[in-house]
Amino acid sequence: LQEKFGSEIDAEKKLLPNGGGSELCFGQLASYRQRLLESPAGLLAIQKEKELENDLSEMGRKIVSLQNSLVAERAMVEALSARQGAMGKMKAAQELNMIR
């Protein structure tokens, strides 16, 4: 992996104003970032980032909606189970009374 990404990182360092050396000052870094953001690749990256943020937000809303639906359905199942249990007990009591 290091061999694969090492070459990509080295190629990226060559794009920096001083070849990626450690003496890169803040102004040069800001200038590099500005050029990167104005490039077609930079604009595409910004667009994709916004799309991913929107998708993530939409998925978050869907998760909350599904969790609320799940809670409501569990409550319904619990209520129906309790009702079924009560009806079973009542039916058993009626059968017992009929036998007596």
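User: Where in the protein is confidence lowest, and where is it highest?

Analyst: Helix H1 (residues 2–15) has the lowest confidence, with a mean of 48, and H3 has the highest, at 87. Those are pLDDT values, the predictor's confidence in each residue on a scale from 0 to 100. Over residues 1–9 the pLDDT is below 50, and beyond near neighbours in sequence this stretch has one contact in the model (heavy atoms within 4.5 Å).

User: What ground rules apply here?

Analyst: This is a predicted model, so local features need pLDDT of at least 70 and side-chain atom pairs count only at pLDDT 80 or more, while totals for chains, interfaces and linings use all residues. Residues are numbered from 1 along each chain as its sequence is written, and side-chain values use heavy atoms, with hydrogens and water left out. For the protein, the mean pLDDT is 75, with 69% of residues reaching 70 or more.

User: What makes the pattern of the protein α-α-α?

Analyst: Helices are DSSP runs of H or I with at least four residues, strands are runs of E with at least two, and both are numbered from the N terminus. The protein comes to three helices and zero strands, and reading along the sequence gives α-α-α.

User: Why is the pair Lys48 and Glu51 called a salt bridge?

Analyst: The label needs a side-chain nitrogen of Lys or Arg within 4 Å of a carboxyl oxygen of Asp or Glu. Lys48 and Glu51 come in at 3.8 Å, N to O, so the pair passes the cut-off. Lys48 and Glu51 sit three residues apart in helix H3 (residues 40–99), so about one helical turn separates them.

User: How many salt bridges are there by this rule?

Analyst: Two. Glu58 also forms one with Lys62, with the closest N and O atoms 3.4 Å apart. These two are four residues apart in helix H3, again about one helical turn.

User: What share of the 100 residues is buried?

Analyst: Buried residues make up 4% of the 100 in the protein.

How values were computed:
Buried < 20%, exposed > 50% of the residue type's maximum accessible area, 1.4 Å probe, protein only.
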